[in-house]
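Subject: A structure for you to look at

Hi there,

Here is the structure I promised to pass on. Please open it next to this email, and then read through my notes below.

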Amino acid sequence: MFTPEQVKPFITHADPLVSNAAIRFLAETYKYPQDISALVLEKLVAAPRKEDVYLHRAAAFPQTKVTVQAMLHLLKANLVTGNARIFLSRMLLGSSPDLLKSHLPAIKELDEDWYDEAAERVRVSELTDEWVRRMFNEETQKNSGLDYGEIDYDTLDLLLGEMIEREMLQPRETMDELQEQYTKEPESVRTVYLMQAAGKLKIAYALPLFYDALKSDNDLVAEQAADALVRVGSEEVVEKLVQMYAEEKDGFLLLGIVDILSRILLPSAEEALIALLEKEDHFTRIAKLADGLCRLGSEQALPVVQELVKIGYDKDYVELKESVYACCVILGRPLPELDEWRREIAAEDEERAKKLQG
């Protein structure tokens, strides 16, 4: 099974398939080793096609003075364009207010909207705890009842992040309010953000609520529950998810459970995925379990995944060949099929590109 430090150097790997697998692993497991943003920027500079780098996955990676300066340079020199520029700006604006403050004039020169967002981050960081809490309450109220596409996520994320950074949210009080909100309005904006807070605070006694919310038909509620379970990531979580997999019938829920287990860095999670794969007979779920094991870096599962690639799997759902290729490279397993797999992946990518071009 991968470790964050083992995966970290592969951020700068020449092959975008491997590099992006490394970025995705660290982003999805919420593991941020030192200097990962610097490595992402190093990869970005070296990449012939900037849009191929998974910058959208790196938005939450921690920044430093050096990386903030480097991002400003790349943006100012127009070395990054298109969607890559947008995602790079999200990385920049996700920096801590202390890092942004001295660069506000430079950000204003680049883009007025970016400046407004950066200045607001700085302003909020200088407010009292009472004002931050009041703003959060006002924003959750203001966004209540809106369609999910109309919610001001940026402001809510900023305020919640500030409250967590200042340790303003106490676990018991947060859980009590979450329980009350979830009972009354399980799909409200405030419920969703309290659930996010409980996950980031790793409140273990919120687990029963997370398990229940995972079964919600509301995608945003279920997504927050899944993220919270990954963040808690305990043996208890793994055990309960395995139990749910055996008991539940909803196909989308089962796929979601596999996804969560694929993001928990515990030997028991790897063992659970292997055991589930051995018993599974559903075509799509077999592919999902195999993909999850590759994402987790399971060397033990490689022979089974190799066989699946040979005999066939649900290609409409997952690109298992890409997952096992990246897994083998990071693990240092030089399988005889690796070069052939990479050529096939490149050919398939080229074919897809031609179809998109008409």
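Does Asp-35 count as buried, partly exposed or exposed? At 43% relative accessibility, Asp-35 counts as partly exposed; buried means under 20% relative accessible area, exposed over 50%, and partly exposed in between (1.4 Å probe, protein chains only).

A word on where this comes from. This is a predicted model, in which local features need pLDDT of at least 70 and side-chain atom pairs count only at pLDDT 80 or more, while totals for chains, interfaces and linings use all residues. Residues are numbered from 1 along each chain as its sequence is written, and side-chain values use heavy atoms, with hydrogens and water left out.

Now the overall picture. The protein chain has 21 helices and zero strands; helices (H or I, at least four residues) and strands (E, at least two) are DSSP runs, numbered from the N terminus. With 358 residues, a compact globule would have a radius of gyration near 21 Å, and the 22 Å of the protein chain agrees with that. This radius is taken over C-alpha atoms, and the globule rule is 2.2 Å times the number of residues to the power 0.38. Of the 358 residues, 50% count as buried.

Next, the inside. Nonpolar side chains tend to be buried together in soluble globular proteins. Here, the largest nonpolar core holds 123 residues; such a core is a set of buried Ala, Val, Leu, Ile, Met, Phe, Trp, Tyr and Cys residues joined through side-chain atoms within 4.5 Å. Among the members that touch the most others are Leu-88, Met-195 and Phe-210. Leaving aside neighbours within four places in sequence, Leu-88 is in contact (heavy atoms within 4.5 Å) with residues including Leu-41, Leu-55 and Met-71.

Gln-306 sits in helix 19 (residues 302–311) and is buried, with a relative accessible area of 14%. Not counting residues up to four places away in sequence, Gln-306 touches Leu-335, Glu-337 and Trp-341.

Finally, some loops to visit. Asp-35 lies between helix 2 (16–28) and helix 3 (36–46), and its phi is near 70°, a positive value in a residue other than glycine. Asn-78, in the loop between helix 4 (65–76) and helix 5 (82–93), has a positive phi too, near 55°. Ala-204 is in the loop between helix 12 (189–200) and helix 13 (207–214) and is partly exposed, at 42% relative accessibility.

Enjoy exploring!

Best wishes
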